[in-house]
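Please look over the sequence and the model before reading on.

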Amino acid sequence: MPDGPPAVATRSELAHHADLDARLVRATRRLRLLQAVSWKRRVQVAFLERWRRGVLRLPEPEYEPEDLADVRAELRAIGEACDVDSPLGLYLRRSCESWHTAAQLLEAVGTAAVTDHSIRLFGRPGDPLPGGEVSGLDAAMHFVRIADELDAELRDADTDDVRIPSTEVRDRLQADMDAFFGPGEVAVELDADLIAKAAAGPTRIRLREGAAFSEYDVHQLREHEAFVHTLTALNGRAQPHFASLSRTSPRIIATQEGLATFAELITGHIDIERMKRISLRILAIDMALRGADFIDVFRFFLEAGQRETESFASAARIFRGVPVTGGAAFTKDGVYLAGLVRVHTFFRWCLKHRRLALTHRLFAGKMTLEDVFDLEPAFESGAIAPPRHLPPWARRAGGLAGLLAFSLFANTIRLDRVDIDNLDAVPQLFGVRPSEPRSTER
């Protein structure tokens, strides 16, 4: 973490970079990465109809590649005009480079070249997680193993088996959005063409029409989609000088998804099955990169216990924008665990160094953890405004500090130094002395 902030920007420097930021927003309006690589619902319907008849044929998604040479040229020009010795200029240069890679990806959509661009943006499953020697792949296998070991026990104990129709979820979330953001600020809508269960934008949250949701799903949608993705977009739109903070540039996706998953965790609304779903996607990306085709990956999700429609949706996420024949993947889903680890570490660092105020700045717009530190002078000067909205859990500083303080302490306990497979040793691990035999004499 940085030792101290750079110098505050001058008025002319602020005006210069605010102008470049406006150019960046205009230049990237055509770049809608996830929308461009996502599949239409009819691809799912056709594949599953054939599958149920025993016909094994790879799905046939359609893409519309664009010539984005003019956008790439403008992004290069904006990046070259940035003063990288300025925190604002460095932020803009990094954003331009990220968007430039996204433009190259969109030009290659439907080809194996998307994989390389995707890896540049989101990394590989085997990349090491921050602060440790384990990789995202190692973490994914860990969570899948734990979920499988607990599956029977949790299934017997789980009382949350009610499936809630999408119409009811829409109405409940709409009431929550009106109460939190104000009436008419954020619309919750049903989308018959959506393959994913939900998608969030600055003023609209879409739910897949006809899908059934659990109570966990409803809470996760509120914390993840609404109180992180939508909230940070609205805060970014309210910025006085830097509207790019409302845009989901590819470089911020790992932090955004990590923060959104951390929100589920810190509010107690993430269950082991959710961790398993995230982890299975990471394993599936690795499978695809090593040659598995769409049907192989679809079967992998089926065998892991997902329903046919969910297995298709999961497999489709892996093959967005790339050939479905194997050896290629869209690696974005690998950022969830890595982002969660980074965000969790960031919050703990802020507590340890008594800088919890920094955590609020992460919600001022869509930015990386690095940006929170680099842009500190811009926050101090008012060039970047504090967040207009904060999630309820982030506003409760005392409760957040308590959870993080316990997390810091718990991490010092080394379970690997105790033979927990020895049942006789387990009581001593928790401070319980074995009871001595009682004499039967009176």
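## Overall composition

A residue is called buried when its relative accessible area is under 20%. The structure shown is a predicted model. Of the 442 residues of the protein, 50% count as buried. The protein exposes about 21,600 Å², and carbon and sulfur atoms supply 50% of this area.

The protein contains 20 helices and 5 strands. Among contacts with a separation of 6 or more, 73% are made by residues 24 or more positions apart.

## The sheet

Three strands form an open sheet with the order β2-β4-β3 and mixed pairing. Its edge strands are β2 and β3 (198–200), each of which pairs on one side only. Neighbouring strands of the sheet are turned by 20° against each other on average, direction ignored.

Strands β3 and β4 pair in the antiparallel sense over 3 bridges, and Ala199 stands opposite Arg206 in β4. Helix α9 packs on the sheet, where it touches β3 and β4, and its direction makes about 20° with that of β3.

## Helix α8

Helix α8 comprises 16 residues, 166–181. The distance from its first C-alpha to its last is 21 Å, close to the 22 Å expected at 1.5 Å a residue. Its buried residues include Ser166, Val169, Leu173, Met177 and Phe181. Seen down the axis of α8, the buried residues fall within an arc of 65°, so they line one face of the helix. An α-helix has 3.6 residues a turn, so residues three or four places apart point the same way.

The cover over the buried residues of α8 includes the strands β1 (164–165), β2 (187–191), β4 (204–208) and β5 (212–213), together with helix α9 (215–237). Just after α8, Gly182 takes a positive phi of about 110°.

## Helix α10

Helix α10 consists of the 14 residues 253–266, which should span 20 Å at 1.5 Å a residue. Its end C-alpha atoms are 19 Å apart, in agreement with that expectation. The helix is mostly covered, with 13 of its 14 residues buried. Gly268, which follows α10, has a positive phi near 75°.

Leaving aside neighbours within four places in sequence, His117 is in contact with Thr101, Gln104, Leu105 and Ala108.

How values were computed. Residues are numbered from 1 along each chain as its sequence is written. This is a predicted model: local features need pLDDT of at least 70, side-chain atom pairs count only at pLDDT 80 or more; totals for chains, interfaces and linings use all residues. Side-chain values use heavy atoms; hydrogens and water are left out. Helices (H or I, at least four residues) and strands (E, at least two) are DSSP runs, numbered from the N terminus. The expected span of a helix is 1.5 Å times one less than its number of residues. Buried means under 20% relative accessible area, exposed over 50%, partly exposed in between (1.4 Å probe, protein chains only). The arc is that of the directions from the helix axis to the C-beta atoms. Contact means heavy atoms within 4.5 Å. Accessible areas come from the Shrake-Rupley method with a 1.4 Å probe; for residues, only the protein chains shown count as cover. Two strands pair if DSSP finds at least two bridges between them. Axes are lines fitted to C-alpha atoms, for helices over the stretch in contact, and angles run from 0 to 180 degrees between N-to-C directions.
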